[in-house]
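Open the model in your viewer and keep the selection tool at hand. The stops below run from the whole chain down to single residues.

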Amino acid sequence: MQQIQSTPVQIFDLAVRLFHWFQVVLLAGLWYSAEQEWYGLHQLLAYTLASLLGARLIWGLVGSETARFRHFVPSLNQLRHYLANKTPVAGHNPLSALMIVALMLLVALQFTSGLMTTDEVMTEGPLYSLVPDWLSGLAGSWHELGFNLLLGLVAIHVLAALWHQLRGDKVIGAMWHGRKALPEQTVAPRLLGSLKYLLLVLILFCGLMGWQGSAVWPQFLADLQSIQAL
Ligand code: HEM
Ligand code: HEM
């Protein structure tokens with residue numbers, strides 16, 4: 001790996017970083033709430049994560065340069081070139097970009113399958129009774145299996161990030177504060193203010209709550225009572 005001697009460049013906007021770390025916390029909460037069978041809380045966290053992800057997908061089309069899919073999803077040639085040189089990149093590196101796409105896809109599938117899942121007691125996803133039995137059955141199995149697959153990929157993703165970090169390509173620092181040391185001649189990417197991303201999240205969340213809020217809130221309040229009674 002190339003030795004870097006330069007001042008740090010701001011490569012990630014706040015939107016990308018907020019999305020990333022809130023996603024980590026929300027996924028942990030989704031797992032724990034399912035373990036505890038707090039499905040009101042589970043759904044509320046899921047709709048929050050879906051809003052963050054939905055807004056991130058839109059940000060991937062219209063947001064800051066390094067947030068755009070066009071900027072970081074590699075062609076075969078870019079991937080080959082990166083694998084041959086492995087130089088630090090002003091954004092997501094082409095190999096981790098493939099993992100990033102897979103992780104986003106799995107989270108989206110996890111959410112969609114949740115909408116068609118039931119616990120066979122009190123909670124039904126809003127699409128459960130609208131789709132054929134074979135599809136809700138498949139979604140239910142996927143909801144459990146897909147999460148395990150997601151955990152497996154997350155383990156590889158974190159190991160890869162640690163490997164880069166320890167070899168001097170400080171990707172974890174970059175995901176936290178947005179800056180990374182890059183070769184002198186690197187042009188700083190064009191970053192946008194992240195308020196628009198947050199607005200998108202809010203609009204999506206209000207839309208989802210407008211659709212499902214009346215089903216989710218009573219269950220969530222019941223969960224809060226069980227949590228307080230602990
Ligand atoms: C539930 C766990 C996690 C998931 C689902 C996840 C998913 C993702 C996603 C989707 C991105 C792209 C962000 C964007 O462009 O908006 C990303 C980037 C990144 N994540 Fe994670 N992540 C997880 C946990 C972690 C943890 C624990 C670490 C560090 C210890 C980490 C380190 C990174 C780094 C360094 C990048 C940037 C990679 C690069 O620039 O090439 N991630 N992650
Ligand atoms: C990205 C979002 C989501 C994640 C990460 C997630 C994660 C999980 C996990 C780990 C389980 C436990 C699986 C098991 O071991 O049986 C579970 C169960 C469940 N989830 Fe989700 N979930 C998400 C979204 C949703 C949504 C949107 C709904 C409904 C609106 C939902 C409804 C359920 C139900 C009803 C169960 C119980 C299934 C059973 O008893 O077999 N989930 N979820």
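**Ground rules**

This is a predicted model, in which local features need pLDDT of at least 70 and side-chain atom pairs count only at pLDDT 80 or more, while totals for chains, interfaces and linings use all residues. Residues are numbered from 1 along each chain as its sequence is written, chains are lettered from A and ligands numbered from 1 in the order in which they are written, and side-chain values use heavy atoms, with hydrogens and water left out.

**Stop 1: the whole protein**

Show the cartoon. The protein has eight helices and two strands. Both kinds of element are DSSP runs numbered from the N terminus: H or I over at least four residues for helices, E over at least two for strands. Trace the chain and the pattern reads β-α-α-α-α-α-α-α-β-α. Along the principal axes, the C-alpha atoms fill a box of roughly 60 × 35 × 35 Å.

Now colour by accessibility. Of the 230 residues, 41% are buried. Buried means under 20% relative accessible area, exposed means over 50%, and partly exposed is in between, using a 1.4 Å probe and protein chains only. Next, think about contacts, meaning heavy atoms within 4.5 Å. Among contacts with a separation of 6 or more, 73% join residues 24 or more positions apart.

**Stop 2: helix 4 against helix 5**

Select residues 76-85 for helix 4 and 94-115 for helix 5. Two packed helices are described by the angle between their axes and the distance between the axes. Here the angle is about 125° and the axes are 8 Å apart. The axes are lines fitted to C-alpha atoms over the stretch in contact, and angles run from 0 to 180 degrees between N-to-C directions. The two helices, helix 4 and helix 5, are therefore oblique to each other. The classes are roughly parallel under 35 degrees, roughly antiparallel over 145, roughly perpendicular from 65 to 115, and oblique for the rest.

Which residues make the contact? Show Q78, L79, Y82 and L83 on helix 4, then P94, L95 and L98 on helix 5. By class, this contact has six nonpolar, one polar and no charged residues. Nonpolar covers Ala, Val, Leu, Ile, Met, Phe, Trp, Tyr, Cys and Pro; charged covers Asp, Glu, Lys and Arg; the others, Gly among them, are polar.

**Stop 3: ligand 1**

Select ligand 1 and its surroundings. It has 23 residues around it, and the closest are H20, R56, H92, S96 and H157. A residue is counted here if one of its heavy atoms lies within 4 Å.

- H20: an N or O atom of its side chain is 2.8 Å from a nitrogen atom of ligand 1.
- H92: a polar side-chain atom lies 2.6 Å from an oxygen atom of ligand 1.
- H157: a polar side-chain atom lies 2.8 Å from a nitrogen atom of ligand 1.

**Stop 4: ligand 2**

Move to ligand 2. It is surrounded by 22 residues, and the closest are Y39, H42, Q110, G114 and H143. The side chain of H42 places an N or O atom 2.8 Å from a nitrogen atom of ligand 2. H143 has a polar side-chain atom 2.7 Å from a nitrogen atom of ligand 2.

Stay with Q110, which is in helix 5. Is Q110 buried or exposed? Q110 is buried, at 11% relative accessible area. Its side chain reaches the backbone nitrogen of F147 at 3.3 Å. Beyond neighbours within four places in sequence, Q110 contacts W142, H143, G146 and F147.

**Stop 5: T117**

Step to T117, in the loop between helix 5 and helix 6 (133-166). T117 is buried, with 17% relative accessible area. A polar atom of its side chain lies 2.6 Å from the backbone oxygen of S113. Leaving out residues up to four places away in sequence, T117 touches T123, E124, G125, Y128, A139, G140 and H143.

**Stop 6: two positive phi values**

Most residues other than glycine have a negative phi. Select E37, in the loop between helix 1 (14-35) and helix 2 (39-62). E37 is not a glycine, yet its phi is positive, about 60°. E37 is exposed, at 58% relative accessible area.

Then pick K86, in the loop between helix 4 and helix 5. Its phi is also positive, near 50°. K86 is partly exposed, at 34%.

Technical notes. A polar contact is a pair of N or O atoms within 3.5 Å; within protein, one must be able to donate a hydrogen and the other to accept it, and residues adjacent in sequence count only if both atoms are side-chain atoms.
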